[in-house]
Amino acid sequence: ASTVLAVAAGTGCAIGCWRISRRSTELIRALMLLPIIIPSIVYAIGLYRYFARLDLLDSFAGVIIAHGVTGIPYVVITVSTALAAFDPRLEQAARGMGASLGQTLRWVILPRIAPGIVSGAIFAFIHSWDELVIVLFIASRDVFTLPRRIWDGINENLDPAMAAVAVLLILFTLLLLLADRALRRRPEGG
């Protein structure tokens, strides 16, 4: 769920900044990168104070929002990179042929930047999948993610099953990164 949130917000932000293309949009892009620039512990403490007022502590919704926000920078970076290689004449041609802005976005822009969106989704998912610090701060004993279970398994009873799960987690992350690499090496239009 956090990946879906990150992809929707990050793609929207990247496309909006690309369409507006002003000096102020560079500031917006820089602000979108803050969740990966700020150390996780500082971000988690800030979230704790903010989420306490919003009654989002100890909830799956809070974890999803926190992980979604920290995944946005990965999507913004990859989608902005894909948009930098996008030929704006394709959009102009679609608009000149009578396509609405929504149709142009859906049939021209999104298919051309899909590899960037998928790459951003993979990186946002990996980040959410591996994030522990934020969950330790904002979630109670009732809200568990896989890294939290591994952490508790290591701290409480050094279960060998946790070591096996950690190895599988590393292999799964490696497979996602290899899939991203294969996606980026795929020729355009194929």
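## Around helix α1

Just past the end of α1, S21 takes a positive phi of about 50 degrees. Keep in mind that this is a predicted model.

As for α1 itself, the helix covers residues 2-20, which is 19 residues. From first C-alpha to last, α1 reaches 27 Å, close to the 27 Å expected at 1.5 Å a residue.

## The chain as a whole

Zooming out, the chain has 10 helices and 0 strands. Read from the N terminus, then, the elements go α-α-α-α-α-α-α-α-α-α. Along its principal axes, the C-alpha trace spans about 65 × 40 × 25 Å.

The chain has 190 residues, and 39% of them count as buried. Now take the contacts with a separation of 6 or more: 70% of them are between residues 24 or more positions apart.

## Where α6 meets α7

Next up is the pairing of α6 (residues 88-96) with α7 (residues 101-130). The two helices pack at an angle of about 150 degrees, and their axes sit 10 Å apart. Angles over 145 degrees count as roughly antiparallel, so α6 and α7 are roughly antiparallel to each other. The crossing of α6 past α7 is right-handed.

Which residues make the contact? On the α6 side you'll find L90, E91, A94 and R95, and they meet L101, T104, V108, I109 and R112 in α7. Sorted by class, this contact has 5 nonpolar, 1 polar and 3 charged residues.

## A closer look at E91

Is E91 buried or exposed? E91 has a relative accessible area of 8%, and buried means under 20%, so E91 is buried.

What does E91 touch? Leaving out residues up to four places away in sequence, E91 touches W18, R19, F86, L101, T104, V108 and I109.

## Where α4 meets α5

The other helix pair to check out is α4 (residues 40-54) with α5. These two pack at an angle of about 140 degrees, with axes 12 Å apart. That makes α4 oblique to α5, and their crossing is right-handed.

From α4, the residues involved are Y43, L47 and F51, which meet G62, I65, A66, V69 and T70 in α5. By class, the residues of this contact split into 6 nonpolar, 2 polar and no charged.

## W129 in α7

Back to α7 for one more side chain: W129 is found in this helix. With a relative accessible area of 27%, W129 is partly exposed. Setting aside neighbours within four places in sequence, W129 is in contact with L146, P147, L169, F172 and T173.

Methods. Residues are numbered from 1 along each chain as its sequence is written. This is a predicted model: local features need pLDDT of at least 70, side-chain atom pairs count only at pLDDT 80 or more; totals for chains, interfaces and linings use all residues. Side-chain values use heavy atoms; hydrogens and water are left out. Axes are lines fitted to C-alpha atoms, for helices over the stretch in contact, and angles run from 0 to 180 degrees between N-to-C directions. Helices (H or I, at least four residues) and strands (E, at least two) are DSSP runs, numbered from the N terminus. Angles under 35 degrees count as roughly parallel, over 145 as roughly antiparallel, 65 to 115 as roughly perpendicular and the rest as oblique. A crossing is left-handed if the near helix is turned anticlockwise from the far one by less than a right angle, and right-handed if clockwise. Contact means heavy atoms within 4.5 Å. Ala, Val, Leu, Ile, Met, Phe, Trp, Tyr, Cys and Pro count as nonpolar, Asp, Glu, Lys and Arg as charged, and the others, Gly among them, as polar. The expected span of a helix is 1.5 Å times one less than its number of residues. Buried means under 20% relative accessible area, exposed over 50%, partly exposed in between (1.4 Å probe, protein chains only).
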